[in-house]
Amino acid sequence: MVGFKATDVPPTATVKFVGAGTAACIADLITFPLDTAKVRLQIQGESQGPVRAMASTKYRGVLGTILTMVRTEGPRSLYNGLVAGLQRQMSFASVRIGLYDSVKQFYTKGSEHAGIGSRLLAGSTTGALAVAVAQPTDVVKVRFQAQAQAGGGRRYQSTVNAYKTIAREEGIRGLWKGTSPNVARNAIVNCAELVTYDLIKDTLLKANLMTDDLPCHFTSAFGAGFCTTIIASPVDVVKTRYMNSALGQYSSAGHCALTMLQKEGPRAFYKGFMPSFLRLGSWNVVMFVTYEQLKRALMAAYTSHEAPF
């Protein structure tokens, strides 16, 4: 067995809640530059037609985007919005991942055998609930990642300043801008991510192909990241564009999607696909492996505290 061994006592809802938020923060710390590169690629050319956008392309590919940002804005630009990102994960991942098993058990009325319908319903529920709680942190994170620091034209000076400025200039509703596409995105992402991970892991264990340890968690997480990227990329691009847009630029998320289609064509919906996959794949691996180990470590500490002798 690799890593911490599973305890006889199943993890409590509190352990899952805390463990999910902590694991997601660790994953964000490691993969944040890829997420920033993804955002820059997704918003590139949004105010131009396809011909002009190709002619004035600033970022090309994952590595090219990262190198361009480091050269023109400095290495710290790769971590623009990190504070808001960590705030987002502590509130967002704790709900959508930490409460997934509890909600799944609620829908199956406590049964250990959950069908795919119950898993999808649980994933949609926790994904949508998480957005309602954490949307302002997501808006601020995207705005920070999108702003270029070169030339001194920064949109916001700090995380607190961003929250205050958005609330002052756009109203409280501005902090929940893009909630509809984000609910759609995260219901899809949560289902693709958690349900795929759940199914792959269950299949590997039931077929005795792997045991419940790090290799199994790694394989399941990588598969979940790949499936999630393919399914969620279009709505993720629309969400990023809409949340980063100036006041009045788009009347709705649907208008944003239609504008993208008309001006840039269908391929615009998969802008930033490679950094999305690299980020989601690596994020899922780090998050799920860390989450599984944290649950075991926390439960081991809990049981040893309850029964010290």
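**Figure 1. Lining of the largest cavity in the predicted model.** Helix 1, helix 4 (82-96), helix 6 (116-146), helix 9 and helix 12 each contribute at least two residues to the lining of the largest cavity. The structure shown is a predicted model. The volume of this largest cavity is about 140 Å³. Its lining consists of 16 residues, and those closest to the centre are Arg88, Gln89, Phe92, Arg185 and Arg279. Sorted by class, the lining of the largest cavity contains 10 charged, 4 nonpolar and 2 polar residues.

**Figure 2. Lining of the second largest cavity.** In total, 2 cavities of 30 Å³ or more are found in the structure. The second largest cavity has a volume of about 70 Å³. The residues that line the second largest cavity are Lys38, Arg185, Thr229, Ala232, Ser233, Asp236, Ser276, Arg279 and Leu280. Helix 10 makes the greatest contribution to the lining of the second largest cavity, with 4 residues. By class, this lining comprises 4 charged, 3 polar and 2 nonpolar residues. Arg185 and Arg279 line the second largest cavity, and Arg185 and Arg279 are also among the residues closest to the centre of the largest cavity.

**Figure 3. The largest pocket and the residues around its centre.** The volume of the largest pocket is about 1100 Å³. A set of 32 residues lines the largest pocket, and Lys16, Asp101, Lys104, Asp198 and Lys201 lie nearest its centre. Two or more residues of this lining are given by each of helix 5 (100-107), helix 9 and helix 12 (273-306). Helix 9 supplies the largest share of the lining of the largest pocket, namely 7 residues. The class composition of this lining is 13 charged, 13 nonpolar and 6 polar residues.

**Figure 4. Packing of helix 9 against helix 10.** Two packed helices are described by the angle between their axes and by the distance between those axes. Helix 9 (residues 179-206) packs with helix 10 (residues 214-244) at an angle of about 170 degrees, and the two axes are 8 Å apart. Since an angle over 145 degrees counts as roughly antiparallel, helix 9 and helix 10 are therefore roughly antiparallel to each other. The residues in the contact of helix 9 with helix 10 comprise 17 nonpolar, 7 polar and 5 charged.

**Figure 5. The largest nonpolar core.** In soluble globular proteins, nonpolar side chains tend to be buried together. The largest nonpolar core of this model has 21 residues, and Ile97, Trp283, Met287, Phe288 and Tyr291 are those that touch the most other members. Helix 1 (13-43), helix 5, helix 9, helix 10 and helix 12 are the elements that give two or more residues to this core. Helix 12 provides the largest share of this core, with 7 residues.

**Figure 6. Overview of the chain that contains these sites.** The secondary structure of the chain amounts to 12 helices and 0 strands. Along the sequence, the order of elements is α-α-α-α-α-α-α-α-α-α-α-α. Of the 309 residues in the chain, 52% are buried.

Technical notes
Residues are numbered from 1 along each chain as its sequence is written. This is a predicted model: local features need pLDDT of at least 70, side-chain atom pairs count only at pLDDT 80 or more; totals for chains, interfaces and linings use all residues. Side-chain values use heavy atoms; hydrogens and water are left out. Axes are lines fitted to C-alpha atoms, for helices over the stretch in contact, and angles run from 0 to 180 degrees between N-to-C directions. Angles under 35 degrees count as roughly parallel, over 145 as roughly antiparallel, 65 to 115 as roughly perpendicular and the rest as oblique. Ala, Val, Leu, Ile, Met, Phe, Trp, Tyr, Cys and Pro count as nonpolar, Asp, Glu, Lys and Arg as charged, and the others, Gly among them, as polar. On a 1 Å grid over the protein atoms alone, a cavity is a set of points where a 1.4 Å probe fits but cannot get out, and a pocket is an open set with protein on both sides within 12 Å along at least five of seven lines; lining residues have an atom within 4 Å of a point. Grid points are joined across faces, edges and corners, and a volume is the space filled by probe spheres set on the points. A nonpolar core is a set of buried Ala, Val, Leu, Ile, Met, Phe, Trp, Tyr and Cys residues joined through side-chain atoms within 4.5 Å. Buried means under 20% relative accessible area, exposed over 50%, partly exposed in between (1.4 Å probe, protein chains only).
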